Structure formats: C-alpha cells, structure tokens
Amino acid sequence: MSRPELQAPPEIYYGDTEAKKYTTNTRNQQIQADMTYRALELLNMPPSQPAFLLDIGCGSGLSGEILDEEGYTWAGVDIAPSMLRKVDGDLFLQDIGQGFGFRPGSFDGAISISVLQWLLNAETSHPTSSPPHRLNRFFTTLYSALRNPSRAVFQFYPSSDDQIQLITSTAQRAVFLCLFVGSGGGQQLPEGLEGEEDDQARFERRREKEKKRDRGGKRKALKDKVWILKKKQLYRQRGKEGVPRDSKYTGRRRKPNF
C-alpha cells in the first residue's frame, strides 16, 4: 500500500470518510498522543507559565486534546476542511506550503505531528509548487511567527535520507538554530552568537576571501570539476529535477572551435 501523501493532496485524501476513519481509530489516537507528549518534552516550555502554541497540521484535534490536558492555549492550522470540522477552537484553513500570515512573535512555540512529508511532493509543475520553495516559505514565515527565543518540534515520516537532508538544510537556511530528527531530546543546543562577530570570526572570513584570489588580485576560477560535482549534488539534495548525470566529461574544458 502506497503512502497517503503519494495518493492525493491532503485536502482531497482526507475527505469526510477518511477523516472519520482516522479520528476514530484507537491506534491513531494512541500514536498521536505519544508523539505529542514527546514533542512537548522536546519543546521544554518553562513550567507553571502560560504559553500560546501553534499546532501545525492539527487535523481533527488529536494532538490538540493533549495540549488542552497539559494546560496550553493553542491555535491549529490544517489544509483539510473535513478534518477541521471535527474539532473546536482557534483554527485556520491554510496551506502551510504557502507560508503563514501571523503577526511576528505571536507564538511561544510550535509542534507538528506527521505533516512535513506532505510538503515533499509537487502538485504542479509551477516553480512555486516545488518542495524546496514550499519548505522555504514554510520555515521562513514560521520563524517570523515565533517569539525569540523559542522552539519548534517537528515529527515527520521521510521516505529517504535525501528528504531528511532537504528539510534540515532548508530549516537551517531559514535561521532555525537546530532541528531534531528522530530521538535526540537529551542533546544540548548550541549557544547562538550575540551582538557583533568576534575578531576570530572576522579573521576567518577574511582568510577565506583571500584564498579565492590569486596573486594578481583577481578571483580564482571556481568552476572546476570538484565545484561542478558539489553543485550537482546540492541540486539533487534540494529535489531539483533534470540534473545531468556525472561522467568522465564533467568539468572538462571544450576545445575552441575554429
């Protein structure tokens, strides 16, 4: 049986019948509860303090029930109307791949259970429908909607290591400090730099620039075979289609035509 995200877009796959089946399934309820408790553990909110959380892909509210039990105020976002009709609360019908429109700093944290894999399939051939573009819109607008500092915890089902690499690299480019993949709650988060960069950082950046210049002061030619292979590999990791295959002719200079 193929994965749900490969059968149809979520707003179509989770129609009235499938939404009812998913919500009333006791196994789904237990899995959602376990993963939500784990997400809250990783979120590590300060105890005895009120918090406003965003539930991304809230569905029929299985994870929202846990948030209510734990005393959190929350708002939910989902793209499937049939799912949202089964839950009450502050809900938004929205495609997260198009980004969020929340006021900056609206939420104290965010969780997402079994959602991100739905962003890894292009529904049309338009560039804005590509997984890299949708993931970038998702992470950049989510970062803006979270107060600073805060955390967001994502649980998802990747089908390959390339999908994990695409998600983590996009999250990091969107200024997220860290993204947990799998279990890693005991991992210590690194401290971010505050204020201006120190002398060592400026020195390293200047030295890297000097390495790229030859003795005449001109920039060195970077597009050699190693550079081309790295660029092609990066495109493959980002999900870009039509990347040429590697061969013995990759990066070889062509002879001039006379």
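Where do Lys21 and Glu18 both lie, and how many residues apart? Both sit in helix α2, 3 residues apart, about one turn of the helix.

## About the model

This is a predicted model, in which local features need pLDDT of at least 70 and side-chain atom pairs count only at pLDDT 80 or more, while totals for chains, interfaces and linings use all residues. Residues are numbered from 1 along each chain as its sequence is written, and side-chain values use heavy atoms, with hydrogens and water left out.

Helices (H or I, at least four residues) and strands (E, at least two) are DSSP runs, numbered from the N terminus.

## Salt bridges

The structure holds 6 salt bridges. The term means a side-chain nitrogen of Lys or Arg within 4 Å of a carboxyl oxygen of Asp or Glu. Side chains of opposite charge can pair when their charged atoms come close. An α-helix has 3.6 residues a turn, so residues three or four places apart point the same way. Lys21 is partly exposed because its relative accessibility is 49%. Glu18 is partly exposed too, with a relative accessible area of 21%. Here buried means under 20% relative accessible area, exposed over 50%, and partly exposed in between (1.4 Å probe, protein chains only).

Asp16 pairs with Arg85, their closest N and O atoms being 3.0 Å apart. This bridge links distant parts of the chain, 69 residues apart. Asp16 belongs to α2 (residues 16-24), and Arg85 to the loop between α5 (81-84) and β3 (90-93). Both residues are exposed.

Arg147 bridges to Asp108, with the closest N and O atoms 2.8 Å apart. Arg147 lies in strand β5 (residues 146-155) and Asp108 in strand β4 (residues 107-113), so the pair ties together parts 39 residues apart in sequence. Arg147 counts as partly exposed, at 32% relative accessibility.

## Where α2 meets α3

Helix α2 packs against helix α3 (residues 26-43) at an angle of about 65 degrees, with the axes 5 Å apart. That makes α2 roughly perpendicular to α3, a label for angles of 65 to 115 degrees. Axes are lines fitted to C-alpha atoms, for helices over the stretch in contact, and angles run from 0 to 180 degrees between N-to-C directions.

Tyr22, Thr23 and Thr24 of α2 make the contact (heavy atoms within 4.5 Å) with Thr26, Asn28, Gln29 and Gln32 of α3.

## Helix α9

Helix α9 (residues 225-237) has 13 residues. From first C-alpha to last, α9 reaches 18 Å, close to the expected 18 Å. The expected span is 1.5 Å times one less than the number of residues. Gly239 follows α9, and its phi is positive, near 85 degrees.

Notes: Parallel < 35°, antiparallel > 145°, perpendicular 65-115°, else oblique.
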